[in-house]
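Please read the sequence and the structure shown here together with this briefing.

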Amino acid sequence: MKKSFCLCLTAVFLSVWNYSYAQKTSFVDVAGLNPQIKPGDNFFRFVNARWYDTVKIADDQSGVGSYSFLNIPQKILLQNILDSVSKTNNPAGSIEQKVGDFYASGMDMTTINHRGYQPIKSILSGIDAINDVPSLLKFVARELKSGNRSIISLGIAPDNKNSSINIAHIYQGGIGLPDRDYYFKTDSPTLHIQQAYKEYIRTLFELTGNSHATAIKDAALAFEIEKQIAASHKTNIELRDVNANFHKMAVAAINNSQPNIGWSTLLADLGAATDSIDVAQPAYYDKLNTMLKSVSINDWKVYLKASILENYAEILSKPFIDASFEFNKVLSGQATQKSRRQIMTANVDNYLGMALGQLYVKRYFNEDAKKRVLALVNNLQKSFENRINNLDWMSDSTKQKAKEKLYTITKKIGYPDKWRDYNNVQINRTEYFENVLSLNKNDYQFQLAKLNKPVDKTEWFTTPATVTAYYDPSKNEIVFPAGILQFPYFDFSADDAINYGGIGMVIGHEMTHAFDDQGAQFDKDGNVKNWWTKEDYQKFREKTKQLANLYSSFTVLDTVHIKGALTLGENTADNGGVAIAYDAFKMTQLGKGSEKIDGFTPDQRFFLSIARIWRVKTRDAFLRTYVNTNPHSPAMWRVNGPLMNFAPFYKAFNVQPGDKNYKPDDQRVKIW
């Protein structure tokens, strides 16, 4: 389902140290190394080729390995919890009751299939009752509060210029394909996706009683309206421009400039009492304002029905679920659907993540991991400070500001100090659809309550069990959930080379986000405010341009290249993360020595660990979508890209001119 609120933050990746790795004693897969591949030719494949070339991707997955795919075995731990609490008679209103009954309601496919599309019939009837633009927008507002964004996308997040206060932000929306370019590109893979999408909408229309001919006609109409909308959208690369996507305006002003939308009435219907909002992408709302009159009401009703059906398909009966999968597998390459247990485990984590997170932490998390990782974070801060001091392109005044920001970073590890409550959520064991709507409505009100209020700096934007991590520039914070604190990222019994090359690189990556091309525009308090000298910022921009150009030269599939401008922030963080983690490692006793373990020096083990944490294999369809839409580079280039710029790697593995990834010193991109 589409989410009713968008979060403005630069996200990355991370899970918890658990019993399954407690007895691990060997941390380098020596047998998996391929001596036929020179480290200087392709270090990712030197470390991972034997695994990569033999591992099989499960039919119900789009990839396998670490990083986000480490969430696959992670979900088994969550399933264990859910299988237990869903079969227990829990006290009414407890988190165990809500989590268990929500899971049980979604597992009851007999009831879900029996209901068919009955749960949305009243919503579709509501569309039939629309007779003018005002009634259309009232319907849109009502649906937004239940989890369906359609043509209006509202979020509550910090003010870019005053990060201590939350304000309303509105974003471009209204399309069902991954981004605007999918409507206009004419290459064969994109045309195939467009056709599959039209077939998906046609199928949804037929499943709700339309004839085949009418369904084809209406699907084509809905697609053409989306295409008109998409023409006003900014590209993924344009969306990375911090200042170009923030326009705080008086509601009275946009009420006058966009009278067909009627912002005063719309915001009142949304319950958003405010006299100003950030119109992040004004061109979209200018276009929408025009289209509300240029597109007939009857055509808008067809579009809204398509939007509703897409939004709710995955929580209706099996024919709707199957239709959604048939389309999405074109984007992911996934051959078969996930089991219902897998789907519902993900849904519980999505809708009741902090409740499930409490149960997860209680059962699986080792509290000592927080102390150990905090020590690593503190060491990396010192390492980063040293690197800032030694920069030859930055003036002393800017260095001082950079260090102030570095040491102002808030560190969150494991799980929140304050758990979110779900007291206003009612969960019924037999009504899955209504449960989802109840959770969506609760989430909308939870977000809305923040409007024009001080920012709660204790809040987390990922669940504890998720294998991910992120940096939030508006709060100047780094967050490492319990989920990432497991091998290959972190292990209590691993030596420092392994942990610094694993979680250390992740920590350095997140810290560097505070100083990538976007993060560098925020000051230590999370405000978009310049703290650079003009000359220093120009030098910084020149270096980031070099990095973007380098990554744009990397070929992923056939003629498909990495989008260097789209991935610039993550690539900057990857390069910085490796360097900062390495310097911090060299401050440890092991890093200062030369003792070999498994036949490798400490430095070699550090780099082997880096390649291991990106051991990932995906389907080509998934990879193609990933390159087009994701701000991260594919796994191979998260290893090879930074290392070809890093002198200690050359020394550790004797990389020489003639090696495929060798670069002369003057061609290596060095920022942080």
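In what follows, Ala, Val, Leu, Ile, Met, Phe, Trp, Tyr, Cys and Pro count as nonpolar, Asp, Glu, Lys and Arg count as charged, and the others, Gly among them, count as polar. By that scheme, the lining of the second largest pocket divides into 13 nonpolar, seven polar and eight charged residues. This is a predicted model, in which local features need pLDDT of at least 70 and side-chain atom pairs count only at pLDDT 80 or more, while totals for chains, interfaces and linings use all residues. Residues are numbered from 1 along each chain as its sequence is written, and side-chain values use heavy atoms, with hydrogens and water left out.

**The second largest pocket**

- A pocket is found on a 1 Å grid over the protein atoms alone, as an open set of points where a 1.4 Å probe fits, with protein on both sides within 12 Å along at least five of seven lines, and its lining residues have an atom within 4 Å of a point.
- The second largest pocket holds about 580 Å³ of space, where a volume is the space filled by probe spheres set on grid points that are joined across faces, edges and corners.
- Its lining is made of 28 residues, and those that lie nearest the centre of the pocket are N645, R668, V669, K670 and I671.
- Two or more lining residues come from each of α20 (534-552), α21 (568-585) and α26 (647-652), and α21 gives the most, with five residues.
- Helices such as these are DSSP runs of H or I with at least four residues, strands are runs of E with at least two, and both are numbered from the N terminus.

- Helix α23 (residues 602-613) reaches 17 Å from its first C-alpha to its last, which is close to the 16 Å expected at 1.5 Å a residue; the expected span is 1.5 Å times one less than the number of residues.
- A residue is called buried under 20% relative accessible area, exposed over 50% and partly exposed in between, with a 1.4 Å probe and protein chains only.
- Because 11 of the 12 residues of α23 are buried, this helix is largely enclosed by the rest of the structure.
- The buried residues of α23, including F606, F607 and L608, pack against α1 (43-54), α19 (496-513), α21, α22 (589-592), α25 (635-643) and α26, where a contact means heavy atoms within 4.5 Å.
- Helix α15 (residues 353-364) should span 16 Å, and its end C-alpha atoms are 15 Å apart, which agrees.
- Nine of the 12 residues of α15 are buried, among them M354, L356 and Y360, and what covers the buried residues includes α2 (71-85), α3 (95-107) and α14 (340-351).

- R240 is found in the loop between α8 (212-230) and β5 (248-250), and R240 counts as buried because its relative accessible area is 12%.
- The side chain of R240 reaches the backbone oxygen of L566 at 3.4 Å, and the residues that R240 touches include N245, D517 and Q518.
- N42 lies in the loop between β1 (10-11) and α1, and N42 is buried at 15% relative accessibility.
- The side chains of N42 and N640 are joined by a polar contact of 2.9 Å.
- Q447, in helix α18 (residues 432-448), is buried with a relative accessible area of 7%, and its side chain makes a polar contact of 2.9 Å with the side chain of K450.

**Backbone geometry**

- Most residues other than glycine have a negative phi, and most peptide bonds are trans.
- S150, in the loop between α6 (133-144) and β3 (153-159), has a positive phi near 45°, and S150 is buried at 5% relative accessible area.
- N654, in the segment after α26, has a positive phi of about 50°, and N654 is exposed at 54% relative accessibility.
- A cis peptide bond, with omega of about 10°, joins F487 and P488, and P488 lies in the loop between β9 (477-481) and α19.

Definitions and conventions. A polar contact is a pair of N or O atoms within 3.5 Å; within protein, one must be able to donate a hydrogen and the other to accept it, and residues adjacent in sequence count only if both atoms are side-chain atoms. Lists of a residue's contacts leave out its neighbours within four places in sequence.
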